[in-house]
Amino acid sequence: MFPLTEILEDLDQRRVSSISGLGLPAAACLVASLPDPNHLVIVTPDDERARTFRDDLSFFLPGRNVGFLPPEEALPYERMLPDIERSSLRISCLLAAGSGAAPVVIPAPALLQPTIPPEIGRAHV
């Protein structure tokens, strides 16, 4: 039996909840059915599953923004400039996650990459 009430209680009290064993569309449907999905950060194992989950969640939340934090393509010490569009998407996603403006889907590798501090992002919006 799926412990939906436990998950809802955890999320209502702003605790961390972990869901595994569901397919991505079923998990997206569950997230979309929560009372306030905008304050959620969903972490997936990789970029492909994060993009799929974002698309599935967008389907279940029509007309609402769903953030996606893509990993940087350039590693920190490589001699190449980061893609400006990807960097802009990362910043807007971080701001959405910090303000609760939208649910945000993040692949685990993107969590390991440096970002701007939240107070700097908020100060320049």
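N38 is buried, at 17% relative accessible area, where buried means under 20%, exposed over 50% and partly exposed in between (1.4 Å probe, protein chains only). This is a predicted model, in which local features need pLDDT of at least 70 and side-chain atom pairs count only at pLDDT 80 or more, while totals for chains, interfaces and linings use all residues. Residues are numbered from 1 along each chain as its sequence is written, and side-chain values use heavy atoms, leaving out hydrogens and water.

Let's stay with N38 for a moment. The loop between α2 (24-32) and β1 (41-44) holds N38; helices (H or I, at least four residues) and strands (E, at least two) are DSSP runs, numbered from the N terminus.

Now for the cores. A nonpolar core is a set of buried Ala, Val, Leu, Ile, Met, Phe, Trp, Tyr and Cys residues joined through side-chain atoms within 4.5 Å. In the largest one, of 14 residues, V31, I42, F53, L57 and V105 have the most contacts inside it. Helices α2 and α3 (47-60) each supply at least two residues of this core, and α2 gives the largest share, four residues. A second, separate core of seven residues includes L69, A102, I106 and A110.

Finally, L111 sits in helix α5 (residues 108-111) and is partly exposed, with a relative accessible area of 47%.
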